[in-house]
Amino acid sequence: MRRTIIEPFRIKVTEPLKIIPREKREQELIKAHNNVFLLPSTSVSIDLLTDSGTGAMSTKQWAAMMLGDESYAGSPSFRRFERTMRRITGMKHIFPTHQGRAAEGILAITRTRPGDVVPNNSHFDTTRANFEFVGVNALDLICAEGLDNETPAPFKGNMNLERLEEVIKKYGRERIPFAMITVTNNTSGGQPVSMQNIRETRALLKKYDIPLVMDACRFAENAYFIQQREEGYADVSLYQIAREMFSHVDAATMSLKKDGLVNIGGFLVCQNDDWAQDFQNMLILREGFISYGGLAGRDLEAAAVGIMEALDPEYQNYRHATVSYLARAMEQRNIPYVKPVGGHAVFIDAKAFLPHIPPLQYPGIALVNALYLEGGIRSVELGSVMFGHYDENGVEQPSNLELVRLAIPRRVYTQSHFDYIIETLDDLLRDRDSLRGYKITYQPKFLRHFTCHFEAL
Ligand code: F0G
């Protein structure tokens, strides 16, 4: 056995990757109002903005796309999609959507009323925004270990069960139409959720007759962590683990742009016939007919193949090796990051990295912009810009965590790309004291991080 875990694929198609001069990067960032979301991707060299929809497809997926049947209704592509998603989730009703947030939107509109409360281990920003848009209070109930960046624990994405019970008692069953559990827990560092936690969350909710919905974006990465870390699962296949995870929930939303290994797609699945009826009506209104839900037939085909590839143990070994490679380099340099490293990204602790920048001068944005200026690397802030809020007196409140996420696209970058990222971090380490914070000069009402403008202080 060799020690090196190699990419379990070779490269058949290439895409040019350019490093533009620093001067040009400076101009581009100013044109983008210092918000990397507003940069043209052609001005980015290594794009770690997201692992969502940015992966490379396999030959089998590309081949499957040619089988796409583009009929409006009843296409065999939908049958294949439905069969595969049912095989993994065990759910009775399978609805394709164009991406995860569309599934969330349909769930929020059909199954909640204004004033309701939806607890989650941690809502992703689109999930929270979809609930808040319809007047629902979206609560994050992450376990205590999840708030501690330094101390490693195997399942830092878990739901805090005591707090969940307190919330149920406080608001009452009538105001909680369902709870959610997000695997892996993106917002808290891509941290996994244990099977035991999923099982116990379900048992607690059952006592109060509250359904559980899984946000399954990274279910295969979560299954890998369960296999590696949870007692009793070492010899269970990723597929069987995934099956069990879904068996503990009543419904699920998913962005197939993550563990579906596709560039676009999502689903909304459930067991309950009444829910399905509501979902179906809203799907037709919002997304498209039930047999395509806003996707082309070829997209359905690619997702049906991709989601099974995500459960391939060789793929997951490789995937974890890439993320760990970057984390190890951080460790060696004492760069503070969320430990242990999560499934899809390394999350740098910007508060600890840039202690001289106060939260409301957005240390995360300072680090994101420095990574771009220094190396043409695009990352994303998960801190006070993304998760901060204004209290009832209109005073801006920072987020608990100030993280910068280096999300790793699936099957896209090679080891030399990672070495380039590490060299860039070395340069940043040298002049981190000179980095300055930012102020916001424009912001929209919802999801401000995507389009707001910053000015350097
Ligand atoms: N839930 C989680 C946990 C997510 O990470 C995302 C997307 C969504 C829902 C929404 O899915 O983008 O297909 O509508 N996360 C991406 C990210 C955007 O960068 O983490 P979508």
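At what angle do helix H12 and helix H16 pack, and how far apart are their axes? I start there. This is a predicted model, in which local features need pLDDT of at least 70 and side-chain atom pairs count only at pLDDT 80 or more, while totals for chains, interfaces and linings use all residues. Residues are numbered from 1 along each chain as its sequence is written, and side-chain values use heavy atoms, with hydrogens and water left out.

**Entry: H12 and H16**

I looked up H12 (residues 313-332) against H16 (residues 415-430): the angle is about 25 degrees and the axes are 10 Å apart. Axes here are lines fitted to C-alpha atoms, for helices over the stretch in contact, and angles run from 0 to 180 degrees between N-to-C directions. Helices are DSSP runs of H or I with at least four residues, strands are runs of E with at least two, and both are numbered from the N terminus. I put H12 down as roughly parallel to H16; that label covers angles under 35 degrees, with over 145 roughly antiparallel, 65 to 115 roughly perpendicular and the rest oblique.

I then listed the contacts (heavy atoms within 4.5 Å). From H12 come Thr322, Tyr325, Leu326, Ala329 and Met330; from H16 come Gln415, Phe418, Asp419, Ile421, Ile422 and Leu425. By class I get eight nonpolar, two polar and one charged residues. Nonpolar covers Ala, Val, Leu, Ile, Met, Phe, Trp, Tyr, Cys and Pro; charged covers Asp, Glu, Lys and Arg; the others, Gly among them, are polar.

**Entry: H1 and H14**

Next I took H1 (residues 22-31) and H14 (residues 363-375), which pack at about 145 degrees with axes 8 Å apart. Arg22, Arg25, Glu26, Glu28 and Leu29 of H1 meet Asn369, Tyr372, Leu373, Glu374 and Gly375 of H14. The classes here are three nonpolar, two polar and five charged.

**Entry: cysteines**

I searched the whole structure for disulfides (cysteine sulfur pairs within 2.5 Å) and found zero. Cys217 is buried at 10% relative accessibility. Cys452 is buried too, at 0%. Buried means under 20% relative accessible area, exposed over 50%, and partly exposed in between (1.4 Å probe, protein chains only).

**Entry: two loop residues**

I found His248 in the loop between H9 (238-247) and S7 (251-255). His248 is buried at 13%. Beyond neighbours within four places in sequence, His248 contacts Met195, Ile198, Arg199, Arg202 and Leu212.

Gly437 sits in the loop between H16 and S15 (438-442) and is buried at 3%. Leaving out residues up to four places away in sequence, I have Gly437 touching Ile357, Gln361, Glu455, Ala456 and Leu457.

**Entry: backbone**

Which residues does a cis peptide bond with omega of about -20 degrees join? I noted Val183 and Thr184. Thr184 is in the loop between S5 (179-182) and H7 (195-207). Lys339 to Pro340 is also a cis bond, with omega near -10 degrees. Pro340 lies in the loop between H12 and S9 (345-349).

I also checked phi. Asn34, not a glycine, has a positive phi of about 60 degrees. I place Asn34 in the loop between H1 and S1 (46-47), buried at 14%. Tyr362, not a glycine either, has a positive phi of about 55 degrees. Tyr362 falls in the loop between H13 (350-353) and H14 and is buried at 3%.
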